[in-house]
Amino acid sequence: VIVDLFAHTTWLSILALVLLGYSWFRITSKRVGARSLENARVLKATGPIVPFLANPVGTLREARVYVHLTCPSCGQRVRIPRGKGKVRITCPKCHARFEGKA
Ligand SMILES: [Zn+2]
């Protein structure tokens, strides 16, 4: 819409309207489970860049103080204080035990 303010092209106006309509359709969706899965896929695809863009100072401070490990059985991320050496971790989600280096 912002580009079309300066360009004044018909196809860009139609594209903007279609995208706005589609986004309204998605926003008002009652299928919360499906939307939640989509959001999880987007967050996984974008990786750590979105939290960094949302709060760069906090993310850098977090990375300096903690190590994030991933549970091999369920994929839950676990935060460990940095500098503890080799640690044995019990996953808070699935209670599987694994080892990691902090
Ligand atoms: Zn787990």
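Biologist: Is His8 buried or exposed?

Modeller: His8 is exposed, because its relative accessibility is 64%. The cut-offs are under 20% relative accessible area for buried, over 50% for exposed and partly exposed in between, with a 1.4 Å probe and protein chains only. Keep in mind that this is a predicted model, where local features need pLDDT of at least 70, side-chain atom pairs count only at pLDDT 80 or more, and totals for chains, interfaces and linings use all residues. Residues are numbered from 1 along each chain as its sequence is written, and side-chain values use heavy atoms, with hydrogens and water left out.

Biologist: Thanks! Where is His8 placed?

Modeller: His8 is in the loop between helix 1 (2–7) and helix 2 (10–27). Helices (H or I, at least four residues) and strands (E, at least two) are DSSP runs, numbered from the N terminus. The phi of His8 is near 55°, a positive value in a residue other than glycine. Most residues other than glycine have a negative phi.

Biologist: And what about the phi of His95?

Modeller: His95 has a positive phi too, about 65°, and is not a glycine. His95 lies in the loop between strand 3 (86–90) and strand 4 (97–101), and counts as exposed at 57% relative accessibility.

Biologist: Switching to the metal: which residues coordinate the zinc ion?

Modeller: Cys71, Cys74, Cys91 and Cys94 do, each through SG, at 2.2 to 2.4 Å. Donors here are N, O and S atoms within 2.8 Å of the metal (3.2 Å for Na, K and Ca); water is not among the atoms, so sites may look incomplete. Along the chain the spacing is C-x2-C-x16-C-x2-C. Cys71, in the loop between strand 1 (66–70) and strand 2 (77–81), and Cys94, in the loop between strand 3 and strand 4, are 23 residues apart and link distant parts of the chain.

Biologist: Why is the arrangement around the zinc ion called tetrahedral?

Modeller: Because the four donor atoms subtend angles of 107 to 114°, and four donors count as tetrahedral if all angles lie between 85 and 135 degrees.

Biologist: Last one: how do strand 1 and strand 2 run?

Modeller: Strand 1 and strand 2 run antiparallel, joined by five bridges; two strands pair if DSSP finds at least two bridges between them. Val78 in strand 2 is the bridge partner of Leu69.

Definitions and conventions: Tetrahedral: all angles 85-135°; square planar, octahedral: opposite > 155°, others 65-115°.
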